[in-house]
Amino acid sequence: MEFRSPEFKTRAVHALHDVNLQKALSNTKAGFVVKRAQAAEEMPEFEALRDTARDIKDHVLNNLDHYLEKYEAAVTAAGGHVHYAADAEDARRIILGICKKANAKRITKGKSMVSEEMGLNEALIADGYEVVETDLGEYIIQLADEPPSHIIAPAIHKTKDQVADLFAAAHNKPRKTDRAALVAEAREVLREKYFSAEVGITGGNFLVAETGSSVIVTNEGNGDLTQTLAKVHIVTSGIERVIPTLDDLSVFLRILARSATGQETESYTTFSTGPRREGDVDGPEEYHVVLLDNGRSKMLGSRFQDMLRCIRCGACMNHCPVYGSIGGHAYGWVYPGPMGSVLTPLIKGMDGTYDLPNACTLNGRCKSVCPVRIPLPDLLREVRHQQYRKNMTPKRQKQALKLWRYVAERPKLYHFAERIGVRILASMANGKGKLRSLPFDPGWTGARDLPAPTGRTFLELWQAKRGDQ
Amino acid sequence: MSSRDTVFNAIRQSLGRGPLDEAARRKLDARIAEPPQHVRATVDDADLIARFAQRFESRAGTTERINSLADVPTAVAALAERYGIAPSAVVGTALGELTWPEGWQIDHGAAGIEVMLGVSLAWRGIAETGSILMLSGPERPITHNFVPETHVVVLPVEHIVRHYEDCWVALRERDQGTPRAMNFISGPSRTGDVEQTIELGAHGPRRMHVLILG
């Protein structure tokens with residue numbers, strides 16, 4: 001997947017002026033945000049489950065090598081193969097090898113963000129394979145030749161009319177505008193693909209060490225058809241996604257859907273354990289799991305270890321005011337929003353990702369809804385700190401901060417400067433209580449007014465009040 | 001060095017230790033052998049069957065009570081007639097020998113692309129969420145759950161449990177161990193990918209009907 005995070009600012013401006021995108025983003029609030037709040041409200045145990053989920057993940061991360069060994073042994077015992085990939089290139093090489101050995105021509109894919117991270121589609125297509133995304137949202141953006149803009153709702157930025165245009169162009173069928181008819185048309189087209197693909201690739205939401213099972217959670221059933229009907233099933237997942245037992249899994253099943261879409265449960269939770277067995281009339285003949293590291297092992301034991309708890313539910317971006325204004329494409333890589341602004345600099349490097357953590361307002365909504373309690377604002381602040389230490393912070397910003405610090409460390413000077421500033425602003429506002437434009441930063445007041453002080457500082461008012469008593 | 005070694009070395013280096021010692025490994029293995037009992041959703045309903053039906057129906061699924069396995073063909077035929085489905089179905093042999101009305105074509109193999117109706121036996125029903133649990137195997141082909149447009153599932157009342165965790169207890173006691181595939185199914189296939197508006201029948205069954213047996 002192309003790396004366009006360096007263009008964050010221009011892409012964000014573009015997004016703010018995209019009428020269709022703005023309409024789609026306003027739907028997110030009414031949809032995901034309200035539904036998640038209801039789901040959490042209706043479950044008295046929800047907060048306790050979040051604590052438990054956090055603790056299970058922490059336990060796994062501190063013993064990750066052991067649980068991976070257990071998981072691998074269980075997969076092997078069931079007749080499957082586990083492959084470790086140190087980075088994206090390694091992963092592409094492994095998967096291309098499996099596809100070649102399978103004599104594949106057509107490859108169906110269930111939704112997998114890890115495969116986006118691997119840059120898998122581009123590599124498969126370059127090698128001559130036909131790659132078909134089967135999640136409806138992923139299929140839509142594949143036709144549009146665009147990357148996902150949301151980790152669980154990849155085509156969230158597309159309107160019904162845009163989907164109608166894409167289908168009419170791709171399917172050689174009369175253009176349909178009814179939503180149900182569009183879904184039915186995709187169903188019909190993709191059925192043919194499921195039944196004729198040699199290889200099916202899916203993600204893996206969870207890997208259960210106890211049984212050697214990979215688990216996917218879907219509403220459409222596309223991942224299930226992908227992995228059932230192809231001769232070879234390849235699971236792509238991250239090394240951090242292993243959990244000890246089915247009982248641990250139950251905790252995550254209770255919080256994932258509620259956090260993601262506000263559902264009590266999705267339509268399908270599907271477990272795969274190895275290839276088809278003796279007597280089975282269906283199921284894949286080969287079963288492979290490709291586990292991607294790609295910087296994850298470096299995050300272990302570091303200040304960023306908490307990020308490895310992430311279960312990719314998307315709640316942080318659904319609740320992020322910045323994501324809500326600019327959508328996912330502005331972030332320029334696989335993972336958008338708060339979790340992406342932490343992960344992208346860690347995986348792709350600090351170069352070219354400067355703007356991502358700095359776009360955050362540190363309002364903390366992401367942290368308040370994260371099902372595994374990742375302290376996202378703290379991690380974003382830590383990325384900024386590392387940028388500062390690498391001398392990446394712009395000079396003007398650094399000077400301004402230094403000046404502020406000088407004044408802030410001298411209370412008398414601070415209060416004096418404050419008294420002057422408040423009076424200047426009050427006189428500029430001319431009694432109207434607000435400023436329509438700021439002389440040194442007209443951009444800030446481009447779309448809003450600055451509330452102006454009335455002429456006295458808080459401290460002055462406080463002291464006066466105390467004097468009265 | 002293999003990629004596997006690279007990854008394991010990197011993990012251990014970051015954790016600031018070598019491989020875990022024998023005592024630590026035994027402790028972790030014991031945690032797998034006897035999993036901790038975590039917090040669950042409260043399911044205090046006296047009537048688990050009613051809870052199951054109510055939750056399953058909340059997601060556009062339908063349910064019906066039947067008295068014996070022999071009633072399955074009649075119930076399926078009535079449903080087929082109601083929705084104009086041709087008298088042909090894939091049926092798992094786990095349901096045993098059933099007598100189908102005249103004119104019905106029954107197949108026990110994998111479901112092909114043309115199959116419109118599947119009839120399966122559920123392994124468990126979960127009252128908490130109103131979900132069914134399907135296990136794969138020669139008698140329960142997994143394609144029956146996903147390929148047909150209409151899926152009818154037979155769920156014996158004695159197999160309705162309270163929580164997910166009750167399924168794990170039963171699964172661990174099962175002779176054949178973990179099956180190749182297990183599916184929690186909680187209603188018809190759905191998508192919200194076009195303008196976040198729910199449409200049924202994205203890829204899996206458009207219609208799901210549970211025959212609660214007993």
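Two strands are taken to pair if DSSP finds at least two bridges between them. The model under discussion is a predicted one.

1. Pairing across the chains. Strand S9 of chain A (residues 268-272) and S9(B) run antiparallel and are joined by 5 bridges. Within this pairing, A:Thr269 stands opposite B:Phe184, a residue of S9(B).

2. Extent of the contact. Chain A contributes 80 residues to the contact, and chain B contributes 62 residues. On the side of chain B that touches chain A, two or more residues come from each of helix H1 (3-15), helix H2 (22-33), helix H5 (143-146) and helix H6 (164-173), and likewise from strand S9 (181-185) and strand S10 (190-191) of chain B. H1(B) gives the most to this side, with 10 residues.

3. Composition of that side. Sorted by class, the side of chain B that touches chain A holds 28 nonpolar residues, 24 polar residues and 10 charged residues.

4. Domains of chain A. The domain assignment gives domain 1 of chain A as 63-247 + 262-289, and domain 2 as 396-468. Between the C-alpha centres of these two domains of chain A there are 55 Å.

5. An unreviewed UniProt entry lists residues 119-213 of chain B as "domain: LUD". Over residues 119-213 of chain B, the chain is 38% strand and 15% helix. The end C-alpha atoms of this stretch are 14 Å apart.

Notes:
Residues numbered from 1 in each chain as written. Chains lettered and ligands numbered in written order. Predicted model: local features only at pLDDT ≥ 70, side-chain atom pairs only at ≥ 80, totals over all residues. Contact = placed C-beta atoms within 7 Å. Helix = DSSP H or I, 4+ residues; strand = E, 2+ residues; numbered from the N terminus. Nonpolar A, V, L, I, M, F, W, Y, C, P; charged D, E, K, R; others polar. Domains from an automatic or database assignment. UniProt positions renumbered as here; feature names shortened; annotations may be inferred.
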